[in-house]
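Thanks for making the time, everyone. I would like to walk you through one model this morning, so please have the viewer open.

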Amino acid sequence: MLGVRNATLALSRVNERLFFGVIGFVGVLVVWETTAQLGLYRKSLLSTPSAIWRAALTDFANGSMAPHITTSLSEFAAGFAIAMAVGIPLGLLIGSFRRVDYLFNGLLAGLNATPNVALIPLIILVAGIGYEAKVVVVFLSAFFSVVVTTFTGVSTTAARHLDITRSFGGSRWLAFRTVVLPSTFPFILSGTRIGLGRALVGVVSAEIISANQGLGFYISLYGTFLDTARVMLGIIIFGVFGVVIGEGLRILERRFEVWRPDLHR
Amino acid sequence: MTIDVAREPGQHMALSARGVQMEYRDRQTGHRLLALERVDLDIPDGAFVSLLGPSGCGKSTFLKIVNGLILATAGEIKLHRVAKGREDAMVFQDAALFPWYSVVDNVAYGLVCAGVSRKEARSRAVPYIDLVGLKGFADKYPYQLSGGMQQRANLARALAVDSAILLMDEPFASLDAQTRELMQAELLRIWTAARKTVLFVTHQIDEAVFLSDRVVVMAARPGRVIADIAIDLPRPRSLEMKQTPEFARYEAQIWKLIAHQQPSDTAPVP
């Protein structure tokens, strides 16, 4: 009996969330459209949902949008993949070996504190204005948060957990695999999440500053034409990117961290 | 400081400690602090011995020295050699299970540390999970277990490596009173079944008397042994035994020993 009641409660809570979520979303659209149509402000300033919709239909139908999306996606994916591939191992090394920490800590702290946008002109000088330059910007944007959270995770591994391996005579390598890695995993995930957000910012800023393709370019191009509907469209597509990636990560988290009670509530 | 493993046949001591000393230097004042002062202790094979004393008497430190987690500054410890595996295994104070492992993986972990393959370690863990009364919980995660059940898993992990001596560091300290009593009785049942030598650290007099063949009483500042009392109560013991006058006499005797040490405990530290 109790189980059944709990199940229905959980189900209705999900429905409730969806219901009000949709209401909030639709509500904003309706207010946006009506205030614009009523002429409370100039339509060219914020555009309207219906105009954005029409722009989306045209640009997706005639194929002019697709190359921008694939370009941005591929710059994003490449830069982010490299950031993970370098950042996670480096973070693990820094966290595990004191001397590697000393070696890199100051450097990383300095570079991390530098706003990435400030580096873009330099990157253009070195890597040009093409695909590679964007990958470098994305990489730099995501890299530091991945490294920093990973080594923070390693260095906060509970001493009482490390004692268990030592107590039973396990090797340092075994402790790394069975204790350090799993207890660092949540940190790596949150570093990944922060890194994803920054990488997205990296793509947009790099493409807005200099590019001939990509969503950021699309936004800045139509900005100069005062085509706010298309500017909004570009922004919305970036927003959808962010949400989809974030949700994907959340699913990953649940899948791999069955042992964390806070994820099951 | 050395930890030796006795090799000569016919050795009947599971553990024998001579002059074990632990000194710290206070970083601020530079004063020497004696956590343990020349501790001698012999534990025969199969015995259940408790180290009893107030906090700060070094009883847990001694246990960690035996286990190899801490290096003593002086002294010698001999452990009975076993054919394979570890000589000693620790049951930790807070259950210290890995939250990312299920019960069976936690119990198997000591074997994995000894180089046993994960698959074999799992299958060897199963009988110990049953022995401690966790049958049916092998695939649960620590957060799904009560405090008492976590301590059972903690105990099973130490039992599974099949060591000559079991080191138990106040394993029931964080449990509520009823669960603790139940776990004491359970421990005696398991001890009888597993035929282990046990060195049990506690600050609870009744717990020490109920479980042990011998209670070694310690005092603080410096941490040292002040008495070694044989508990001649019949076995098997049940919880009702705690109501008998003999039991109360042992409790009173030990309480008197500890109470004598109290003034020094409340005196200001030099």
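This is a predicted model: local features need pLDDT of at least 70, side-chain atom pairs count only at pLDDT 80 or more; totals for chains, interfaces and linings use all residues.

The contact between the two chains takes 17 residues from chain B and 15 residues from chain A. On the side of chain B that touches chain A, β6 (88–91) and α2 (103–113) each supply at least two residues, and the largest share, 3 residues, comes from α2(B). If we sort that side of chain B by class, we find 13 nonpolar, 2 polar and 2 charged residues.

Now let us look at helix α8 of chain A, residues 159–167, where the buried residues are A:Ile164, A:Thr165 and A:Ser167. These residues lie on the same side of α8(A), because they cover an arc of only 170° around the axis. What do the buried residues of α8(A) pack against? They pack against α9 (172–209) of chain A, together with α1 (59–67), β6 and α2 of chain B. Just after α8(A), A:Gly169 takes a positive phi of about 80°.

Finally, the strands of chain B. Strand β2 (residues 13–25) runs antiparallel to strand β3 (residues 32–44), with 9 bridges joining them, and B:Tyr24 has B:Leu33 as its bridge partner in β3(B). The two strands form a hairpin with 6 residues between them, and in the turn B:Gly30 has a positive phi of about 80°. β2(B) is also joined by 5 bridges to strand β5 (residues 74–80) of chain B, again antiparallel, and there B:Ala17 is partnered with B:Ile77.

Conventions: Residues are numbered from 1 along each chain as its sequence is written. Chains are lettered from A and ligands numbered from 1 in the order in which they are written. Two residues are in contact if their C-beta atoms, placed from the backbone, lie within 7 Å. Helices (H or I, at least four residues) and strands (E, at least two) are DSSP runs, numbered from the N terminus. Ala, Val, Leu, Ile, Met, Phe, Trp, Tyr, Cys and Pro count as nonpolar, Asp, Glu, Lys and Arg as charged, and the others, Gly among them, as polar. A residue is buried if 20 or more other C-beta atoms lie within 10 Å of its own, exposed if 12 or fewer, and partly exposed in between; C-beta atoms are placed from the backbone. The arc is that of the directions from the helix axis to the C-beta atoms. Two strands pair if DSSP finds at least two bridges between them.
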